[in-house]
Amino acid sequence: MSPLQFIRQRPFALLGVVGLLWLLTPVALKRLARVSLFEFGAPADFAASYARDLQQYWSLRTRSTNELLQTARDLANLNASYETRIQENETLREEVRRLEEALHLPSNPEYRTEIARVVRRDFGTWSQRLVIRKGRNAGLPVGAPVIFSGGVVGRVAEVYAYTAAVDLVSSPTLRIAAVADGDSRPFSFEGGPNPPFTQARGSVEFVPLDVYASPEAPKRIVTAGLGGVFPAGIVIGYIQNLELDTGGLFKSGAVLLDPRLNELHEVAVLVPLNPEQQ
Amino acid sequence: MDPRWIVIVLANALLAFLGGQINHYLAHLPISVFLLGLCLPVAGLRLRLRTGLIAMFLSGLFVDAARPVPFGSTALLLAALFTCWHAVRSRLPRDGVAPVVVGALVANLILFLAQPFLLGAPLAGSATWGRLVVDLLCSQVVVALLAPWFLALQEQALLLRGVNLAEEVREPGGAL
């Protein structure tokens, strides 16, 4: 059968028409369809997420009173230490503000923190994402940084009515300007590639030649604060090894991310208070 | 309105939800399963061209809505695979569960390998070969296990709406 005869067959002609119609469909209509279909599926994920919360609640109800008392005592200790840190933080903030005024420096961007539960984790082969239980209802913008107690989680990629999708720091789709702890020269961090059955990874490139790291003495890297997305100083991970680039001007290497990244239940979204300042 | 494509699209939406839940729990390891190939067999083996094309295109759009791929890319891919399957199905065995399982495995393999191109990621650069092999193997095992159940689910759901696909395919103009 010649190729011409082949494509003249009705099924393929129909497929071609469908493809052509889809290509000619206005972008606004496609966007509307995408949002509508996502929102159509969102309640199911929501229900599953609430069911997990309920399951956790009932499993906690089975704990003994002694265990709960012990936990309450631990929490009271933790709260006391946090109280002290908050006071220290306030003093430091005040000092930074005074120095900014004295030196006429532009002030750092400020954020409000929005805590959100994780609805779904998706650690796919080629991309890693989270869906969180807050969206436009909490005023989340696209591109907002997402963090947790271990450091960077990722960046808000899409915002819907009551949910938002977060591109994880381990995803190859995410790039961040980073610096080595105690250094000010920025380099590039990129998520992935992620091997199975072990913690998430990333890679760094354009690292200065005098930065050293090995599995025995890993180097901590933090956000550089460049690019206007992530504030400076948030932990990304630890460089495990560094090798010379092919050009010999910089180094590149692998980064081990926080192992808790795979099992997050709650994250904090940093919502810029003055988006235009960024 | 034709209940066939509505039932198939809703069943595929359920499959997408279940796949999402499985991956949520597998994230601890971290590995993932890819089950999109399961969407195809019933449509490819039993549905007429127009109904099947609508069902596959809408299922693909539903899947695309929650993934970081160009919207409509999976829809077009599913529609293309369905059309190919529809064109050659008269030359393939269609009775029983085995064709469903084999068809789902082949479709899943093609769709899995197409993902990096849809995501705009290099096949090897953004995932290790170990991860690729483990994810693919896990996906194929889960697809093989779920295929008979998913076929039965769709057929029973269609029976509830008064559509007997097994009878329909033997009628003049049907798939068999």
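Predicted model: local features only at pLDDT ≥ 70, side-chain atom pairs only at ≥ 80, totals over all residues.
A residue counts as buried under 20% relative accessible area, as exposed over 50%, and as partly exposed in between. With 41% relative accessibility, Tyr57(A) therefore lands in the partly exposed class.

Searching the whole structure turns up 10 aromatic pairs over all chains. One of the edge-to-face cases is Phe40(A) with Phe62(B), where the centres are 5.9 Å apart and the planes make an angle of 80 degrees. That pair crosses between chains, running from helix α3 (residues 27-61) of chain A, which holds Phe40(A), to helix α3 of chain B, which holds Phe62(B). The two partners fall into separate accessibility classes: Phe40(A) is exposed because its relative accessibility is 53%, whereas Phe62(B) is buried because its relative accessible area is 14%. Rings also join up beyond simple pairs, with Trp22(A), Phe57(B) and Phe71(B) linked into a cluster.

Now for the interface as a whole. The size of an interface is often given as the accessible area lost when the parts come together. For chain B and chain A, the buried area comes to about 4000 Å², and carbon and sulfur atoms give 69% of it. On the chain B side, His24(B), Phe71(B) and Arg131(B) supply 16% of the area buried against chain A, more than any other three residues. In residue terms, the contact draws 47 from chain B and 40 from chain A.

Several helices of chain B take part: α1 (3-26), α3 (49-65), α4 (73-88), α5 (98-119) and α6 (129-160) each bring at least two residues to the side that touches chain A. By type, the residues on that side of chain B split into 30 nonpolar, 13 polar and four charged.

Helix α3 of chain B also holds Thr51(B). This threonine is buried, as its relative accessible area is 10%. Setting aside neighbours within four places in sequence, Thr51(B) is in contact with Asp2(B), Arg4(B) and Trp5(B).

Technical notes
Residues numbered from 1 in each chain as written. Chains lettered and ligands numbered in written order. Heavy atoms only, no water. Contact = heavy atoms within 4.5 Å. Buried area = accessible area lost by both parts, 1.4 Å probe. Helix = DSSP H or I, 4+ residues; strand = E, 2+ residues; numbered from the N terminus. Nonpolar A, V, L, I, M, F, W, Y, C, P; charged D, E, K, R; others polar. Buried < 20%, exposed > 50% of the residue type's maximum accessible area, 1.4 Å probe, protein only. Phe/Tyr/Trp six-rings, centres within 6.5 Å; stacked < 30°, edge-to-face > 60°.
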